[in-house]
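I opened this entry to keep track of what I looked up. My notes follow in the order I made them.

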Amino acid sequence: QQQVKQSPQSLIVQKGGISIINCAYENTAFDYFPWYQQFPGKGPALLIAIRPDVSEKKEGRFTISFNKSAKQFSLHIMDSQPGDSATYFCAASDNDMRFGAGTRLTVKP
Amino acid sequence: NAGVTQTPKFQVLKTGQSMTLQCAQDMNHEYMSWYRQDPGMGLRLIHYSVGAGITDQGEVPNGYNVSRSTTEDFPLRLLSAAPSQTSVYFCASSNQGPYEQYFGPGTRLTVT
C-alpha cells in the first residue's frame, strides 16, 4: 500500500509551458517533503524540499506548493525546458522516506 | 569528493546464488540507506543505518542483510537470490537522518 500517491504517471509539456505534478499522503507524522529528479541510468537527485510549516517554496523555476489540511503537495516547473525531461519522484519522510511511483516528464521543443 | 559510490554497476545472478552489493560514501554521513526501484513503484526502503554498528529494517527487508562496521561503508547482502529481487538498487547517505539524501548511481541486478 503506497503511502504517497503521485499523479500523473506521465506528462508531456511544450517548451516554455508549466509542468505540474501532484502528490498526496496519509501519514500526518511526515515532516519533510522532497522532490527528486532522475535521469535515465542515474540515481535520483534532490531537487527541492519543503517542511509542513511552510505553504510554498521556490527555487529558480521550481516551486513546491504544500496544503497541510488537504495532505497534498505539488511541484510546479515554470518555463519548462527539454533538459527538464526526466522522471520526478515526490517523497515524504518522518523516520524513513516513502516515495511516490514517479512521473515521467517529457518537454517537447 | 566521490560522493556515494556503488559497485558493481550491473550483475546477473542465478537463483540461489549469494552476492554483496557494495556502497561507500566519503562525506562522513551518519545515515545510510538501501532502496530498490521497480517500474511503477518508485523507490522502496530495504534497510537503513543511523551510524556505525546500528541498522534497522525498512519497508521491504526480507531476503536482504546489512551491516555497518564503519561510517563509510554499508554493504547489502543477498543470501539466496530470487527472481523477485531483480531490480535496480540504490544506496543513499545523509548527514540529516532520512532528510536530504544523496543517492549513488545504482546497481542493476538480474536474477534468472
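I started at K5(A), whose bridge partner in β3(A) is A24(A). I was working on a predicted model throughout. β1(A) and β3(A), residues 19-25, pair in the antiparallel sense over 4 bridges.

Next I traced the sheet around that pair. I found 5 strands of chain A in an open sheet, in the order β1-β3-β8-β7-β6. The pairing is antiparallel. Why is one side of β1 and of β6 in chain A left without a neighbour in the sheet? Both β1 (4-7) and β6 (56-59) stand at the edges with a single partner strand each, so each has one side without a neighbour there. I also noted the twist, which averages 15° from one strand to the next.

**Backbone check**

I then went through the peptide bonds. S7(A) and P8(A) are joined by a cis peptide bond, with omega about -5°. I placed P8(A) in the loop between β1 and β2 (10-14) of chain A.

I turned to chain B. T7(B) and P8(B) are also joined by a cis peptide bond, with omega about -5°. P8(B) lies in the loop between β1 (4-7) and β2 (10-13) of chain B.

K71(A) went on my list for its phi. The value is near 55°, positive in a residue other than glycine. I located K71(A) in the loop between β7 (62-67) and β8 (72-77) of chain A. I listed these sites because most residues other than glycine have a negative phi, and most peptide bonds are trans.

**Interface of chains A and B**

How many residues of each chain are in contact? I read off 17 in chain B and 21 in chain A. The two chains bury about 1,500 Å² between them, and 53% of this is on carbon and sulfur atoms. Which three residues supply more of chain B's buried area than any other three? They are L43(B), Y99(B) and F103(B), with 33% of the area that chain B buries against chain A.

I looked for charge pairs next. The count between the chains is 1 salt bridge. E59(B) forms a salt bridge with R98(A), and their closest N and O atoms are 3.6 Å apart. I also have 4 residue pairs in polar contact across the interface.

Last, I sorted chain B's side of the interface by element. β4 (31-37) and β5 (43-51) of chain B each supply at least two residues. The largest share, 3 residues, comes from β4(B). By class, I have 10 nonpolar, 5 polar and 2 charged residues on that side.

Terms used:
Residues numbered from 1 in each chain as written. Chains lettered and ligands numbered in written order. Predicted model: local features only at pLDDT ≥ 70, side-chain atom pairs only at ≥ 80, totals over all residues. Heavy atoms only, no water. Contact = heavy atoms within 4.5 Å. Buried area = accessible area lost by both parts, 1.4 Å probe. Salt bridge = Lys/Arg side-chain N within 4 Å of Asp/Glu carboxyl O. Polar contact = N/O pair within 3.5 Å; in protein donor to acceptor, adjacent residues only side chain to side chain. Nonpolar A, V, L, I, M, F, W, Y, C, P; charged D, E, K, R; others polar. Pairing = 2+ DSSP bridges. Axes fitted to C-alpha atoms, helices over the stretch in contact; angles between N-to-C directions.
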